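This report walks through one protein structure. It starts with aromatic side chains, then turns to the nonpolar cores and the sheet.

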Amino acid sequence: MRRWNGWGDDSIHYAINADALSFLQARIGNGVPQTDAELDQVCQQVPESRLPPHPLTDTDALGRVRHTLGQSLPDWLKMRFGKISHFPDGVAYPESAADVRSLLDYAALHNIALIPYGGGTSVVGHLAVTESVQPVLSVDMSRMSQLLNLDKEAQLATFGAGVFGPDLEAQLRAHGYTLGHFPQSFEYSTLGGWVVTRSSGQQSLLYGRIEQLLAGARVETPAGRLDIQTFPASAAGLDLREMLLGSEGRMGILTEVTVRITPLPACEEFHAVFFPDWDTAQTAVRTIAQGKLGLSMLRLSNATETLTSLTLAGHKKLIGLLESYLRLRGCDEGKCVLLIGASGEKFQVRHAIKSALKMTGQHQGVHVGKTMGEKWKQGRFRNVYLRNSAWQQGYAIDTVETACDWPKVKAMMSSIEQAGRDAMAIEREQVHAYTHLSHLYGQGASVYSSFVYRLTGDYEHDYARWRRLKSAVSAAIVANGGTISHQHGVGSDHAPYLEAEKGSLGISGMRHLFKHFDPQGIMNPGKLLPAEDVKQ
């Protein structure tokens, strides 16, 4: 069963091995395990619903708790400590566009705020219920998940927007196709969620981000239905897809999505290459990315993340042999690992990998084969379960991500990590910070940083500690010229930093756009736009 206060299936445990735990304790101190609030206890805190009757709404306390929050660290703190202050007044499970239309009309009539709910994997506060006199209804899209149309000639597939990643791929695989969109949240996130948050998949180098995969859509808005037709290309004014992408539920409820699909690859390989230091590694991956070799993935870890990954891997003797070999080849303490992936026909994969390895060899890269790459592929959706294990040991794990042009990448990485360390130093605490580049472009790269630090066991203190860290690293992103989000969206956590990127005129334009589709302001209020009034 899905965990109500953590990540994923409660039958899956990704334990931290003893060496990794000792490594963490040596770096930031011993964690103090916490006692979590019980689900029954939290359900008892749920107030009476304020919703007028509607045949599609469910006001059961358990359902309301499970749709209250996402997967951000402040969401976790609220759930784990039992400090949830606001709940949706009910949950609706539409099964058709007509059901969605009915809910929109009902909400407009009774001034009810609607929060579209996909997989509940948001890490930036998309799902949090804001304090308001308005009743709040969570609209769970999971029952709208069918493959509605498959056009093999045009290689287009239309799905209900609530389809989860594994179900989408299974339905396509039965016909010999793939979408190829694999974010780390793949197992629990939905197609509609990917679109409205501008998601990136781990193999975006080949398949593209969701904006390249989105061909058309149907959106039920408070002002009416918006149909976005599919074209291979168009010069007919503004692209309506761009209004939908990244809109985070502010325009309406996405009911159908048409995506560009690809035949299943006949071959797929993932290789690992080590470099002696970051500068050499960054130059190599930039050269490869700008060379457009037909790869599906490049993922470069800095020295601290490389060390962390090797420690978490276990198999101490085998890792020791690997490190001895790398030392002989010039890759010692500052070494950085690059994962290289390619998908397609066998000859295409072999050519792309061979070309990439030739380039890495020209930059002191040491190729160690496919074992590490295949291990990464096998565990790529399980690594996030470490958040559960770390919490049980008394540690929090949080992440931030951005993207910037190549000349800014190194300074961005260093500044983000240092901002996190400085924020914790105020409390005389250490933080274990590490970074990787998860998506690479000819122009620049995404920069994805993780922070591991100790919990205090006090909700107010731990929330304030997170707020200090989040503010510091977000300010560092803005100061170094990065976007406030490359792949997680804005929600409520990133909203204060959006105007620095979009400008006041841009923010005003977004407000007017959303008001056009949602005149009463009932769609996911308080999200995406900064300093926005919420009805009191």
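Phe182 is buried, at a relative accessible area of 13%. Phe186 is buried too, at 6% relative accessibility. Buried means under 20% relative accessible area, exposed over 50%, and partly exposed in between, with a 1.4 Å probe and protein chains only.

The model is predicted: local features need pLDDT of at least 70, side-chain atom pairs count only at pLDDT 80 or more, and totals for chains, interfaces and linings use all residues. Residues are numbered from 1 along each chain as its sequence is written, and side-chain values use heavy atoms, leaving out hydrogens and water.

**Aromatic side chains**

Rings of Phe, Tyr and Trp (its six-membered ring) pair if their centres lie within 6.5 Å; planes under 30 degrees apart are stacked, over 60 edge-to-face, the rest tilted. The count is 9 aromatic pairs. Phe182 and Phe186 make an edge-to-face pair, with 5.2 Å centre to centre and 65° between the planes. One aromatic cluster is formed by Trp76, Phe81, Trp391, Tyr459, Tyr463 and Trp466.

Charges also sit over rings. The rule asks for NZ of Lys or CZ of Arg within 6 Å of the ring centre and within 35 degrees of the ring normal.

| Charged residue | Ring | Distance from ring centre |
|---|---|---|
| Arg80 | Trp76 | 4.8 Å |
| Arg380 | Phe182 | 4.9 Å |

**Nonpolar cores**

A nonpolar core is a set of buried Ala, Val, Leu, Ile, Met, Phe, Trp, Tyr and Cys residues joined through side-chain atoms within 4.5 Å. The largest has 107 residues, and Leu191, Leu254, Leu295 and Leu437 touch the most other members. Contact means heavy atoms within 4.5 Å. Leaving aside residues up to four places away in sequence, Leu295 touches residues including Leu205, Ile288, Ile340 and Ala356. A second, separate core holds 16 residues, among them Leu104 and Val139.

**The sheet**

Helices (H or I, at least four residues) and strands (E, at least two) are DSSP runs, numbered from the N terminus. Two strands pair if DSSP finds at least two bridges between them. Here 7 strands form an open, antiparallel sheet in the order S15-S12-S14-S13-S17-S18-S16. S15 (366–367) and S16 (395–405) are the edges; each has a single partner strand, so one side of each lacks a neighbour in the sheet. S16 pairs with S18 (residues 444–454) over 11 bridges, in the antiparallel sense. The bridge partner of Cys404 is Ala445, in S18. Helix H18 (residues 459–479) packs on the sheet and touches S16 and S18; its direction makes about 15° with that of S16. Axes are lines fitted to C-alpha atoms, for helices over the stretch in contact, and angles run from 0 to 180 degrees between N-to-C directions.
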